[in-house]
Structure formats: structure tokens, C-alpha cells
Amino acid sequence: MRAVVFDLDGTLSDTIVSIAYCANRALEKFGLQGFETDRYKYFVGDGAAELIRRTLINQKRERMDLYEQVKEEYAKLFAVDCMYQVKPYDGIRELLSELKTRGVKIAVFSNKPHENTCKVIHDLFGDDVFDVVQGQVPEIEKKPSPEGVYMISEKLGIPVEEMLYVGDTNTDMQTGKNAGAFTVGVLWGFRDRKELEENHADAIIAAPQELLKYLLGKDGANAI
């Protein structure tokens with residue numbers, strides 16, 4: 001395995017507080033109900049537009065009539081506060097350092113808007129860690145489409161079959177499968193083992209360093 005493509009939210013960085021903070025303020029501006037932070041773990045994963053749709057259909061009375069207004073307000077707030085209480089998960093910095101030491105290419109593919117994705121990566125890890133950083137843009141279909149993975153594969157010059165795709169949700173496992181990559185589900189993110197298993201993760205890990213055993217063989221048999 002010559003490359004690893006990471007999801008961002010719930011995989012590299014714990015961003016759920018920032019998402020809830022901005023979304024609740026956007027909802028409350030229009031007199032709508034906010035949600036407990038943990039509810040957002042099941043609202044996220046499929047882009048900002050779907051996040052807002054889920055918050056509106058889960059009101060006491062569905063309020064899709066306010067979709068455009070809430071979405072616009074959320075985008076404004078998130079542009080300012082996307083780093084609110086955001087931090088990398090324990091062990092992630094060490095994992096990334098080890099991957100680079102071994103000469104493995106590393107990339108990010110997120111359904112978070114591209115500018116926000118780049119800001120989170122810049123603020124948490126700097127600009128010289130990842131070989132490719134890709135967030136959601138109009139010209140690339142969002143996950144679970146494999147289009148972004150193919151683009152990263154082309155930029156790195158590494159075939160998808162030689163990549164690990166790492167994420168924490170059903171969308172991530174579907175993305176990796178659709179691309180033909182070996183999928184690794186993580187248990188420290190926003191979803192649970194059952195969801196990862198139901199979406200056919202090739203491997204499931206409980207700590208970042210466990211990823212290393214899949215670098216030299218899909219079954220870990222040739223692990224370092």
C-alpha cells in the first residue's frame with residue numbers, strides 16, 4: 001500500500017462541536033430548535049447541504065421552507081468558526097509522521113466545503129504534511145461517489161488498488177468500496193462498529209497506530 005486517503009471529520013479531527021455550534025446558531029436565528037452535540041454525529045457525513053436538510057426535517061414540524069436561509073446562515077457562521085474547539089484525535093499526529101517516514105503518500109478527501117477543509121488541515125497540521133487535500137467543490141461529486149478518490153489517485157500517480165481509504169461512517173466505506181480501495185473503518189469517530197460492518201469495511205481499527213499493520217498487505221499478514 002503506497003498511499004492512504006483519509007476522511008477528515010471524525011477520522012483525523014474531532015470537529016463535531018464546531019459543526020453543532022454553527023448549525024444551532026443558524027437554526028436559532030430563524031426560531032428553530034437546536035440539537036444536542038451528539039445528534040450531529042448522525043447529521044454529518046454527506047456535506048453541509050445534507051446536514052442542514054437533516055436538521056430541518058428533525059424539527060418538531062418539518063421546516064424545509066427555510067432550507068435556503070438556514071443553509072446560507074450556516075455557511076456564513078462556519079466560514080468564521082469552523083475551527084471552534086476542533087482538535088486532532090489522539091495518536092493522529094504520530095500516525096501521520098510515521099506514514100511520511102515510511103514514504104507513504106497521504107491525502108484528505110472530505111465532504112466538508114473545500115475552503116473549510118483546507119483551513120482545518122492548515123490550522124491543525126500545517127501545509128507540508130498532506131500530499132493532496134480535497135474538500136467538496138461543485139466540479140467533483142461528493143462522497144460516496146468515487147470521483148474524488150480517482151482524482152487523488154491521478155494526482156499521486158498511484159493506482160487505487162494500492163491505497164487504503166480510511167473513514168468513520170457508512171458514506172466513507174461506500175466511497176472506498178465504490179473506488180475499489182481497501183477500506184478501513186475507525187472506531188474513534190462519529191459512528192459505531194455496527195455501521196462500519198454493515199457497510200463492508202475491509203478492516204476496523206480502534207486506534208490510529210493499528211493502521212500501520214495494513215500497509216504491506218491487505219490482510220496484515222506482511223505487516224511491519
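**Figure 1. Terms and overall view of the predicted model.** A residue counts as partly exposed when its relative accessible area lies between the limits for buried, under 20%, and exposed, over 50%. By that rule Glu162, with a relative accessible area of 29%, is partly exposed. The model shown here and in the views below is a predicted one. Its secondary structure comes to eight helices and eight strands. Of the 224 residues in the protein, 54% are buried. Along the principal axes, the C-alpha atoms fill a box of roughly 55 × 35 × 30 Å. The radius of gyration is 17 Å, which agrees with the value near 17 Å for a compact globule of 224 residues. Among contacts between residues at least 6 apart in sequence, 63% join residues at least 24 apart. The protein exposes about 10100 Å², and carbon and sulfur atoms supply 47% of that area.

**Figure 2. The salt bridge between Arg2 and Glu162.** The structure holds 20 salt bridges, and one of them joins the side chains of Arg2 and Glu162, with an N to O distance of 2.9 Å. This pair links distant parts of the chain, its two residues being 160 residues apart. Arg2 belongs to the segment before strand S1 (3-6), while Glu162 sits in the loop between helix H6 (147-156) and strand S6 (163-167). Arg2 is partly exposed, with a relative accessible area of 42%, and Glu162 is partly exposed too, at 29%.

**Figure 3. The salt-bridge network around Asp46 and Arg54.** Asp46, Glu50, Arg53 and Arg54 are linked in a network of salt bridges. Asp46 and Arg54 are both buried.

Figure 4. Asp123 forms a salt bridge with Lys119, the closest N and O atoms being 3.1 Å apart. The two residues are separated by about one helical turn, because they lie four residues apart in helix H5 (residues 114-125). Asp123 is partly exposed at 38% relative accessibility, and Lys119 is partly exposed at 32%.

**Figure 5. The two faces of helix H4.** In helix H4 (residues 92-101), the residues Ile92, Leu95, Leu96 and Leu99 are buried. Seen down the helix axis, the buried residues of H4 fall within an arc of 95°, so they line one face of the helix. Their cover includes S1, strand S4 (105-113) and H5. The face of H4 turned away from the buried side carries the exposed residues Glu94 and Thr101. Just after H4, Gly103 takes a positive phi of about 80°.

**Figure 6. Cysteines without a disulfide.** A disulfide is a covalent bond between the sulfur atoms of two cysteines. The cut-off for the sulfur pair is within 2.5 Å, and by this rule the count comes to zero disulfides. The cysteine sulfur closest to that of Cys22 belongs to Cys82 and is 7.7 Å away, too far for a bond. For Cys118, the closest cysteine sulfur is also in Cys82, at 10 Å, again too far for a bond. Cys22 is buried, with 0% relative accessibility, whereas Cys118 is partly exposed at 30%.

Definitions and conventions: Residues are numbered from 1 along each chain as its sequence is written. This is a predicted model: local features need pLDDT of at least 70, side-chain atom pairs count only at pLDDT 80 or more; totals for chains, interfaces and linings use all residues. Side-chain values use heavy atoms; hydrogens and water are left out. Buried means under 20% relative accessible area, exposed over 50%, partly exposed in between (1.4 Å probe, protein chains only). A salt bridge is a side-chain nitrogen of Lys or Arg within 4 Å of a carboxyl oxygen of Asp or Glu. The arc is that of the directions from the helix axis to the C-beta atoms. Contact means heavy atoms within 4.5 Å. The radius of gyration is taken over C-alpha atoms; the globule rule is 2.2 Å times the number of residues to the power 0.38. Accessible areas come from the Shrake-Rupley method with a 1.4 Å probe; for residues, only the protein chains shown count as cover.
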